[in-house]
Amino acid sequence: MRARPGTWIGAALALALVAGALGGCAAATPQDRPVIVGAIEPSQGIRPDCADIGCTTIAPALLGTLAVLGPDGELELELAESIRSAPELLAAGVEGPSAEEDPRVEIVVREGARFADGEPITAQSFVDSWRRIAGTAEDARTATLFAPFRGYTADPEVDLVDSGALEVVDERTFVVHLERPMADFPAELTLPLFAPRTAAELSGGGDPRDPAASGPYRVADGGWQPGERLQLVPNPAYRGPRTPRNAGLDLRFLGDPDVTLGEFLVGDLDLVAPLPSSRWSGAASVLGDRIITGVLPELIAISFPADLGAFAGQDGLLRREALALAIDRPDLASGPLGGHALAADAFLPRRDGEAAFEVPHDQTRAEGSWQDAEAISTFTGSLAVVRIGEDVPSGVADSIVDMLDATIRDPVEAAHYVSEGSYRAATDPEVEDHDPRGVLLVRAVAASPAWSAFLEPGSLLPDGALTGDDAELLAAVRDAGSYADARAALEAAQAGLAQSLPVIPLAVPLGAVAASPRLADVQLGWDAVPRWDAIRVLD
């Protein structure tokens, strides 16, 4: 049955009448049928460097990578047999320059790795694919991800082999030379962007609607019917940690979100991925616990311009502490963010350990910290809570103004500028009657699961905002001898940031899917994309 656009609410009411029947049909053992998914059709097929949401949701099912991230952020090798940094190579007795002289990563491709069509996956497969993508990058995200490679520039003429970034050692071994040490570089290699491609695809002979699969699934014969569906089946050539626990994926492209949700509610779909936020809100009371959420690689925070004198020094630290205590983060997540976010408990959106930012909402302590700051220096004028563009909803700024107005006893106002340029022009101290600089509401978005995407100066952290101790702690993460050592160092770095507060984490936005009770083990990855291979069908 296919619901007409706009009729899914009626379908939901009908479903409520038979909820007991739907809820009681789950069997105890997995069934040998594909997962039926309401999805968004990729606009230009499946390519490692695609950016549209249809492609980025489906690509991980087809494209294998050197490593993958487990549910808790641990690194698992997939197409790689080993990934070793310069410190690890030196510790193993491999001769070579120091990590400072030549920050490098040696990668050995797993023996016997093959594409679904039987072509071997070699070191050259990766080098040629990365070389092609870097030389044809047309978006800022791709340029950001290749920025750590030695000699990379956002120039169509760039060649990662000629620049010295990529070096093939033998059929299965290649080396990546970086601009500087980057212990979390293996996390970047989990992205489909760094998947290998066949010689035919690199020569222009491949079909993006039937890519040569290196991941856990392949396109079924005649499986892509444009405008209708894409059928994926397990890839028999795949050997890795993502072996499917289902018989495949039957992705239906219904176009209209209301039609898609309507078919889910009457039982014709097992999963809707992604669930649009607008439909999530409208259907929450009906969907209930069938909505499964995951953190997006984003963080909403308050940032302090490095030259904002009132928030510098010891008095500035007390004022930053006062703001952190005055803001009710759970209330922001459930109120102006509509329940589509979690209160931030770290300086990263991913959950890589214990909470690193546990500042309670405490108005009394907030008032005390502000008064202690006033005893050192007097805050003059009004405090502006500044939004630039529409990345952060206006309701978030309004709520923060209300919370601060009740605490700091000084004028607080919300300010909005359409662009960075208009903000700088309006707050230029050389301009008579210029606007107050204020504190900035920012929404940082990471291009990869690497920690440096958030914790490098100039990303989430404002340039010049770090203390010497913080810079040292973050350098220990970057320069760690291994990925595992870097994860441990990250905890200490975040603990330091929680004391110095160069930014105040507020909320982590969520992505969502809708899953039928017929499914088990529906998990979302670091970017809220389903872990397709983990899903089991129960009936």
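Residues are numbered from 1 along each chain as its sequence is written, and side-chain values use heavy atoms, with hydrogens and water left out. As this is a predicted model, local features need pLDDT of at least 70 and side-chain atom pairs count only at pLDDT 80 or more, while totals for chains, interfaces and linings use all residues.

Let's begin with the sheet. Four strands make an open, antiparallel sheet, in the order β4-β5-β7-β6. Strands here are DSSP runs of E, at least two residues, and helices are runs of H or I, at least four, numbered from the N terminus; two strands pair if DSSP finds at least two bridges between them. At the edges sit β4 (80-85) and β6 (166-170), each pairing on one side only.

Inside the sheet, β5 (residues 104-109) and β7 (residues 173-177) pair antiparallel over five bridges.

Now, which residue does glutamate 298 meet through a side-chain polar contact? Glutamate 298 belongs to strand β13 (residues 298-303), and its side chain joins that of arginine 443 at 2.8 Å. A polar contact is a pair of N or O atoms within 3.5 Å; within protein, one must be able to donate a hydrogen and the other to accept it, and residues adjacent in sequence count only if both atoms are side-chain atoms.

Glutamate 298 is buried, at 14% relative accessible area, where buried means under 20%, exposed over 50% and partly exposed in between, with a 1.4 Å probe and protein chains only.
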